[in-house]
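Please read the numbered points alongside the sequence and the structure.

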Amino acid sequence: MNKYQIIHDELLKKINDGKYPEDAKLPSDFALMNRYHVARETSRKAVAMLVDEGYVMRIKGRGTFVINQNRYSFPISHVESYRELAARLNLNERTQLDAISDKDVPLVFDYGEQVPLPATEIVRIRYLDNEPVIIDRDYVLKDVVPEIKSLSASLSLFELFEQKLGLVISYAKKTITIETANTLDRQLMSLTEPMSIVVIRSETFLNDGRIISFTESRHRGDRFKSVEFSRRH
């Protein structure tokens, strides 16, 4: 294992174990260099990984601090399943399958077709720390996958597409809006007060250019954040 990965993993364990609680300052780059006997570039890379994953933030002139972990970091620019995300971020999660039924793709996706698109609708509720925080509605097009009768909670749709059906996912287009939680949101997420919901609607494409699915992912606003890495040049 690379040294930067070892440093990253040990710091992350201390964050998850509460040894570095919210607002705690991490050791400086030089302190990590001396502790692990590595170059500064190595220690900075380890901390940069934690920044990209949403665990810490760097404040110029002050240091690196642990941020609120009650919010999960959702990477908008990545194309990965929820299970892949949960495994990568070591989330305490579980998924409840709410319903599978035949339904046309809702017009809210604005797919431009003059006729309805038949699909299989799959509704799942995502729990973090035993709290319902995400409602996922996937619409898998029947002209690509004619029928889905059941789906194990341990199997993601991406695993079904790629490992079971031999399809290759290429990219996704995503749109993000802020909406008010509706009656069903409040019911499924056990919300007792009005709340804003982060809604991510996406279209997932195969490597041959076909759309395989549309997804509406509704996130509790008070538990959502997105951390992205941007470079000017």
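1. A nonpolar core is a set of buried Ala, Val, Leu, Ile, Met, Phe, Trp, Tyr and Cys residues joined through side-chain atoms within 4.5 Å. Buried means under 20% relative accessible area, exposed over 50%, and partly exposed in between (1.4 Å probe, protein chains only).

2. The model is predicted: local features need pLDDT of at least 70 and side-chain atom pairs count only at pLDDT 80 or more, while totals for chains, interfaces and linings use all residues. Residues are numbered from 1 along each chain as its sequence is written, and side-chain values use heavy atoms, with hydrogens and water left out.

3. The protein chain has 6 helices and 10 strands; these are DSSP runs numbered from the N terminus (helices H or I, at least four residues; strands E, at least two). Of its 233 residues, 43% are buried.

4. The largest nonpolar core holds 23 residues, of which Val105, Val145, Phe161 and Phe214 touch the most other members. At least two residues of this core come from each of strand E5 (118–128), strand E6 (131–141), helix H5 (157–164) and strand E9 (211–220). H5 gives the largest share, 4 residues.

5. Which residues does Phe161 contact, leaving aside its neighbours within four places in sequence? They are Val140, Val145, Gly166, Leu167, Ile169, Ile212 and Ser213, where contact means heavy atoms within 4.5 Å. A second, separate core has 16 residues, among them Ile7, Tyr20, Ala46 and Tyr55.

6. Helix H1 (residues 3–16) and helix H3 (residues 40–52) have axes that come within 8 Å and cross at roughly 45°. Angles under 35 degrees count as roughly parallel, over 145 as roughly antiparallel, 65 to 115 as roughly perpendicular and the rest as oblique; H1 and H3 are therefore oblique to each other.

7. From H1, the residues Lys3, Tyr4, Gln5, Ile7, His8, Leu11 and Leu12 meet Thr42, Ser43, Lys45, Ala46, Val47, Met49 and Leu50 of H3. The residues of this contact comprise 8 nonpolar, 4 polar and 2 charged. Here Ala, Val, Leu, Ile, Met, Phe, Trp, Tyr, Cys and Pro count as nonpolar, Asp, Glu, Lys and Arg as charged, and the others, Gly among them, as polar.

8. Val115 belongs to the loop between strand E4 (93–104) and E5. Is Val115 buried or exposed? With a relative accessible area of 54%, Val115 is exposed. The C-alpha atoms of Val115 and Asp104 are 9.8 Å apart, the two residues being 11 residues apart along the chain.

Definitions and conventions. Axes are lines fitted to C-alpha atoms, for helices over the stretch in contact, and angles run from 0 to 180 degrees between N-to-C directions.
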